[in-house]
Amino acid sequence: MTIELPPLHEDMVFLSPLSEERATGFVGWLAGGLPAHATMLDVGCGWAELSLRVAAAAPRARVVGVDLDEQSLEVARRRARERHLGDRTQFLPGDGAITGPDEVDVLVAIGASQVWGQESEEMQPLPYAAALSGIRDRVRRGARVLYGDGVWSRSPTPEATAPLAGRDDEFVTLPELVDLAVEHGFVPVAVQEASQDEWDAFESGFTAHYATWLATHEPDHPDADEVRDRARRQRDAYFRGYRGILGLAYLQLLAV
Ligand SMILES: C[S@@+](CC[C@H](N)C(=O)[O-])C[C@H]1O[C@@H](n2cnc3c(N)ncnc32)[C@H](O)[C@@H]1O
């Protein structure tokens, strides 16, 4: 059943658990690696809020975002025009593993490791190694890379894994992820994990469109039961499942 829910970008700033304060730190660090004529690539950029901020902070650099979701790319392009960044930004549709420039000075991949996995590997362990290897192949030595993805903050429980991929080995721990980054040609400059507040804000934003829909449609609308059910399942998945167990690691890396 296709239900027209308000798009996520109306309720969320970023499509990851990321506070304004942490984002500001990332923007400054990424822009610092972008002198005149340098290029940044954002793989799986979504509506690219972080990349647009980097483009504004690095006024002589070029920023390229790639995503499969044309609706998000259109939001990114519109915001780029509104912020007068249209001439230095490009948002390309396509597979992030192969689309866009071959070699860049700065690369961002947040929540996008699956870009380097096989489609048939759905519900498999997250392909961290393939992602880190693919990223290393796309950046120059010395490049700054912001890599973010899921990790286990605590040992997974059956309630946590059930609404995810249903397996304990879907994610690694933070120290294991740092080791993988080192094995794939990076040195970590900073390692951080999203806080519980960032997660709660992220999950609230993620479910806000159900609330908006329910508040703007009659309770006996033919889709109302389905929307109520989806909202309840998402709440249960988080509050009774992976809250405090699934984490989000942010690795600031230099390519060596
Ligand atoms: C969790 S979202 C993260 C979006 C963004 N990086 C952020 O942090 O706000 C993952 C994004 O990866 C995109 N994606 C998934 N597979 C992709 C692929 N093969 N190539 C390009 N983008 C892909 C999705 O469309 C989605 O926008």
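**Salt bridges and a ligand shell**

Visitor: How many salt bridges are there?
Guide: The count comes to 19 salt bridges. Keep in mind that this is a predicted model.

Visitor: What does R22 pair with?
Guide: R22 forms a salt bridge with E198. Their closest N and O atoms are 2.6 Å apart. The pair links distant parts of the chain, 176 residues apart. R22 sits in helix α1 (residues 20–31), E198 in helix α7 (residues 196–216).

Visitor: Is that pair buried or exposed?
Guide: R22 is buried, and E198 is buried too.

Visitor: And which residue does R240 bridge to?
Guide: R240 pairs with D236, with the closest N and O atoms 2.7 Å apart. They are four residues apart in helix α8, so about one helical turn separates them. R240 counts as exposed, at 62% relative accessibility. D236 is partly exposed, at 24%.

Visitor: Which residues make up the network there?
Guide: Salt bridges link E226, D229, R230, R232, R233, D236 and R240. One of the pairs is R232 with D236, at 3.3 Å between the closest N and O atoms.

Visitor: New topic. Which residues come nearest to the ligand?
Guide: L15, G44, D67, G96 and I110, out of 15 residues around the ligand. That shell has five nonpolar, seven polar and three charged residues.

Visitor: What lies 2.7 Å from a ligand nitrogen?
Guide: A polar backbone atom of G44. A backbone N or O atom of I110 is 3.0 Å from a ligand nitrogen. For D95, a polar side-chain atom lies 3.2 Å from a ligand nitrogen.

Visitor: How much of the ligand does the protein bury?
Guide: The protein buries 79% of the 600 Å² that the ligand exposes when taken alone.

Conventions. Residues are numbered from 1 along each chain as its sequence is written. This is a predicted model: local features need pLDDT of at least 70, side-chain atom pairs count only at pLDDT 80 or more; totals for chains, interfaces and linings use all residues. Side-chain values use heavy atoms; hydrogens and water are left out. A residue is near a molecule or strand if one of its heavy atoms lies within 4 Å of it. A polar contact is a pair of N or O atoms within 3.5 Å; within protein, one must be able to donate a hydrogen and the other to accept it, and residues adjacent in sequence count only if both atoms are side-chain atoms. Accessible areas come from the Shrake-Rupley method with a 1.4 Å probe; for residues, only the protein chains shown count as cover. Ala, Val, Leu, Ile, Met, Phe, Trp, Tyr, Cys and Pro count as nonpolar, Asp, Glu, Lys and Arg as charged, and the others, Gly among them, as polar. A salt bridge is a side-chain nitrogen of Lys or Arg within 4 Å of a carboxyl oxygen of Asp or Glu. Helices (H or I, at least four residues) and strands (E, at least two) are DSSP runs, numbered from the N terminus. Buried means under 20% relative accessible area, exposed over 50%, partly exposed in between (1.4 Å probe, protein chains only).
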